[in-house]
Amino acid sequence: MKIAIYGAGAVGGHFAARLAAAGHDVSVVVRGAALAAIRSKGLTLLAGTDRLNLSVSASDDAAELGPQDLVISTLKSSSLGALAEGVQPLLGPDTPVIFAQNGIPWWYTHGLPPSEKLPRLDWLDPDGSLERRIGVQRTIGGVIFSSNEVLEPGVIRNDSPEHNALIIGEPDRSDSDRIGRLRQVLGDAGLASPPNGDVREMLWRKLLANMTVSVLCMITGQTAREAVEDPIFQDLVPRLIGEAGAISGAQGYAIPPMPPGYRAPDHKPSLLQDFLLGRALEIDALVRAPIAFARAAGLETPTLDMLGAVAQRLAVNAGLYAPRP
């Protein structure tokens with residue numbers, strides 16, 4: 001397949017390398033130092049004892065790459081405006097777009113029956129450009145379970161070599177032919193993509209950690225394991241997880257607790273990585289949107305509210321986030 005990865009950061013670079021190694025014609029839309037590095041030295045993936053160096057087409061102008069069979073957006077939710085503006089040259093008549101991102105996505109309410117427990121989410125696509133230029137018909141939801149870090153431009157380290165997954169699904173929950181084909185493509189490239197009844201359930205499973213521990217890590221500078229196992233937070237973390245679980249439960253997704261003996265990964269969550277590197281932060285998708293679900297469901301979430309408020313203030317002070325109305 002001709003596959004374009006829109007955004008070749010930690011996750012996008014990893015996916016591009018895996019798919020290229022599986023024999024697909026892979027292109028990446030990327031800019032700056034990463035673009036220069038990939039053009040001159042190729043894309044390098046370090047995963048456990050494996051080191052892959054792949055040659056992929058790279059450009060900061062999608063028009064140079066042409067129509068694709070599949071587009072995977074790995075841009076952060078805060079950067080999706082760039083996708084709406086630049087993705088058109090990659091889209092053939094039937095090209096699907098997988099939105100592989102963290103947090104509540106712009107398409108979340110599409111395909112769902114009206115409910116008083118659903119908040120207004122149009123501010124996640126503030127000018128409607130994603131729906132207008134890409135559209136729900138092309139859209140496939142994606143949930144990433146993979147820990148990655150950029151070591152230097154064009155060099156990605158995969159910190160979870162035994163567990164990498166991209167769970168996908170249609171917004172209307174249908175089991176379409178294209179979903180089956182794409183799951184096979186991803187699985188053959190080492191990116192597990194098992195069937196699921198509703199991709200939103202997997203989204204909430206991931207979000208329970210992102211809206212709690214990842215935000216805590218951004219504030220404290222700790223890895224996920226350090227924060228979860230810090231004696232100072234021994235009472236705080238269970239309260240955060242409990243409030244987050246109540247929000248997902250109100251949407252019909254009862255997420256079971258982690259099994260006994262589970263240890264969080266000793267890895268910097270992407271929210272912390274972005275904060276340390278001075279990148280725009282996914283505050284809307286990871287903090288504000290889940291709280292909006294809590295309010296729509298009539299839930300009180302005082303611990304999450306305080307954590308989210310502190311994270312927002314830090315992000316605003318650093319110039320990495322501007323609140324949307």
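This is a predicted model: local features need pLDDT of at least 70, side-chain atom pairs count only at pLDDT 80 or more; totals for chains, interfaces and linings use all residues.
Reader: How many helices and strands does the protein chain have?
Author: Both are DSSP runs numbered from the N terminus: helices are H or I with at least four residues, and strands are E with at least two. By this rule the protein chain holds 11 helices and 11 strands.

Reader: Why is the protein chain described as being as compact as a globular protein of that length?
Author: The radius of gyration is taken over C-alpha atoms, and the globule rule is 2.2 Å times the number of residues to the power 0.38. For 325 residues the rule gives 20 Å, and the chain is therefore as compact as a globular protein of that length, because its own radius of gyration is close to this, at 19 Å.

Reader: What share of the residues in the protein chain is buried?
Author: A residue is buried under 20% relative accessible area, exposed over 50% and partly exposed in between, with a 1.4 Å probe and protein chains only. Of the 325 residues, the buried share is 55%.

Reader: How many salt bridges does a search of the whole structure find?
Author: Side chains of opposite charge can pair when their charged atoms come close. The salt bridge criterion is a side-chain nitrogen of Lys or Arg within 4 Å of a carboxyl oxygen of Asp or Glu. Across the whole structure, the number found is 15.

Reader: What is the N to O distance in the salt bridge of Glu149 and Arg157?
Author: Glu149 is buried at 19% relative accessibility, whereas Arg157 is partly exposed at 32%. Their side chains meet with an N to O distance of 3.3 Å.

Reader: Is Arg200, which meets Asp198 in a salt bridge, buried or exposed?
Author: The N to O distance between Arg200 and Asp198 is 3.5 Å. Asp198 has a relative accessibility of 9% and is buried. Arg200 has a relative accessibility of 0%, and it too counts as buried.

Reader: How far apart in space are Cys217 and Pro269, C-alpha to C-alpha?
Author: Cys217 lies in helix 6, residues 199-220, and is buried at 0% relative accessibility. Contact means heavy atoms within 4.5 Å, and beyond four places in sequence Cys217 touches residues including Pro269 and Leu272. Although Cys217 and Pro269 are 52 residues apart in sequence, their C-alpha distance is 7.2 Å.

Reader: Which residues does Ser77 touch, not counting residues up to four places away in sequence?
Author: Ser77 sits in the loop between strand 6 (70-73) and helix 3 (80-86). Its relative accessible area is 15%, and Ser77 is buried. The residues that Ser77 touches beyond those four places are Gln101, Glu282 and Ala285.

Technical notes. Residues are numbered from 1 along each chain as its sequence is written. Side-chain values use heavy atoms; hydrogens and water are left out.
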